[in-house]
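Hi,

Here is the structure I promised to pass on to you. Have a look at it first, and then read my notes below.

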Amino acid sequence: MTRILVIGETGQLARALAEAPPVPGRELAFLGRGALDLADIEAIGPAVSAVRPDAVINAAAYTAVDRAEEETALAERINGAAVGRLAEVCAAAGAPLVHVSTDYVFDGSLDRPWREDDPVAPVNAYGASKLAGERAALAAGARVAVLRTAWVYAPWGANFLATMLRLAERERLTVVDDQHGCPTSALDLAAACLAAAAALLAEDDATAAGIWHYSGAGETSWAGFAEAIFAGALARGMIGRAPEVVRIPTADYPTPARRPANSRLDCSRFAARFGLAPRPWQEALAEVLDRRARA
Ligand SMILES: NC(=O)C1=CN([C@@H]2O[C@H](COP(=O)(O)OP(=O)(O)OC[C@H]3O[C@@H](n4cnc5c(N)ncnc54)[C@H](OP(=O)(O)O)[C@@H]3O)[C@@H](O)[C@H]2O)C=CC1
Ligand SMILES: Cc1cn([C@H]2C[C@H](O)[C@@H](COP(=O)(O)OP(=O)(O)O[C@H]3O[C@@H](C)C(=O)[C@@H](O)[C@H]3O)O2)c(=O)[nH]c1=O
Ligand SMILES: [Mg+2]
């Protein structure tokens, strides 16, 4: 039996991993915050060793982008130092690690989708903390795959889709139209993480290690995503009427953290290596809305 330990239990990705179709010979174990608080760096070794995992997927992180501007030290600890420790523990145990990172390691200045080896330059504290985590993970000597993804949403949890449905009663909503990216279903991301873990576990395969980009296919803006969410929710009877989405520039939506204008990720390397091409984001959105409508 191959045991994959997931760090995290209640987050979007952790829950999607728990719902992944079972595979014979593979079991998933979960360590939620109650069993392992990543801010407690010394607790990581004993907690992980007790599970005796064959591989580890880190699905936990400090993800409050705006709050990270204030709680920078805590974000750095959870997204940076704890990830480095986790990778050390994995190295000592001979267990490969799949770690999840973000488009926010980039400054958004390129006018094409970002490739894995493009220069990083985070524009906010969350992005900087996640970059620290990538570097610490890759330096620890474990076999590590870092999956950078973007704009993650799920049928559950805190995400842009949930926020839009919560605000759906409003007459009109102003949503930024000059940040471009591609939404990623946590269900698809879970499959990508499991594929990367399986490849790392395959003994003769060192080519799965390194940095990879994985998001939905296609692109939109947050305003475009919002409109698609409302159209899909309306079609499924989840809302009675759709609010008007007023497209605004980022300058008209001030937030504590700056966000990159271009978050699009070039996922062609991942698709070629792991045989898992992302599907158009609209298809994934339909699945997530269907599941939410049923829940
Ligand atoms: N959400 C997004 O849009 C994107 C996310 N990512 C990355 O994807 C990964 C998964 O994100 P996602 O599932 O969306 O995240 P969520 O915000 O849904 O969940 C984060 C999880 O991390 C846990 N966590 C936070 N702090 C700690 C801590 N100190 N100790 C232990 N666990 C902790 C939370 O636990 P609790 O529930 O107890 O708070 C929660 O289970 C992360 O690495 C994130 O950086 C990358 C790009 C986009
Ligand atoms: C709620 C709302 C948001 N917005 C804007 C703010 C922001 O620019 C954008 C998205 O809002 P969010 O709060 O979901 O953004 P944010 O939390 O920054 O989302 C990010 O989370 C982290 C964890 C990541 O790694 C990124 O990939 C990305 O998904 O939409 C509006 O314009 N109008 C609105 O009514
Ligand atoms: Mg957010």
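**What I found**

Let's start with Ile239, which sits in the loop between α7 (222-235) and β12 (244-248). Helices (H or I, at least four residues) and strands (E, at least two) are DSSP runs, numbered from the N terminus. Before going on, bear in mind that this is a predicted model: local features need pLDDT of at least 70, side-chain atom pairs count only at pLDDT 80 or more, and totals for chains, interfaces and linings use all residues. Residues are numbered from 1 along each chain as its sequence is written, while chains are lettered from A and ligands numbered from 1 in the order in which they are written.

Is Ile239 buried, exposed or partly exposed? Ile239 is partly exposed, because 17 other C-beta atoms lie within 10 Å. (Buried means that 20 or more other C-beta atoms lie within 10 Å of the residue's own, exposed means 12 or fewer, and partly exposed is in between; C-beta atoms are placed from the backbone.) If you leave aside neighbours within four places in sequence, Ile239 is in contact with Ala168, Phe230, Ala233 and Leu234. Two residues are in contact if their C-beta atoms, placed from the backbone, lie within 7 Å. From Ile239 to Leu38 you count 201 residues in sequence and 38 Å in space, C-alpha to C-alpha.

**The two ligands**

Ligand 1 has 26 residues around it, and the closest are Gly11, Gln12, Ala60, Ala61 and Val152. Here a residue is near a molecule if its C-beta atom, placed from the backbone, lies within 6 Å of it. Both α1 (12-18) and β4 (97-102) supply at least two residues of this shell, and the largest share, three residues, comes from α1. Sorted by class, the shell around ligand 1 has 14 nonpolar, eight polar and four charged residues. For these classes, Ala, Val, Leu, Ile, Met, Phe, Trp, Tyr, Cys and Pro count as nonpolar, Asp, Glu, Lys and Arg as charged, and the others, Gly among them, as polar.

Around ligand 2 there are 18 residues, with Val65, Thr102, Phe160, Val176 and Trp222 the closest. The elements giving two or more residues to this shell are α5 (160-166) and β7 (172-176). Which of them gives the largest share? That is β7, with four residues. By class, the shell of ligand 2 divides into 11 nonpolar, five polar and two charged residues.

Val65 counts as partly exposed because it has 19 other C-beta atoms within 10 Å. Apart from neighbours within four places in sequence, Val65 is in contact with Asn124, Tyr126 and Ala257.

Now find α2 and helix α3 (residues 72-93), which pack at an angle of about 35° with their axes 9 Å apart. (Axes are lines fitted to C-alpha atoms, for helices over the stretch in contact, and angles run from 0 to 180 degrees between N-to-C directions.) On the α2 side, Ile41, Ile44, Gly45, Val48 and Ser49 meet Ala81, Ala82, Arg85, Leu86, Val89 and Ala93 in α3. That contact has eight nonpolar, two polar and one charged residues.

Most residues other than glycine have a negative phi. Arg52, in the loop between α2 (41-51) and β3 (55-58), has a positive phi near 50°. Trp151, in the loop between β5 (144-149) and β6 (152-153), also has a positive phi, near 50°. Are these residues buried or exposed? Arg52 counts as exposed because it has 11 C-beta neighbours inside 10 Å, and Trp151 counts as buried because it has 24.
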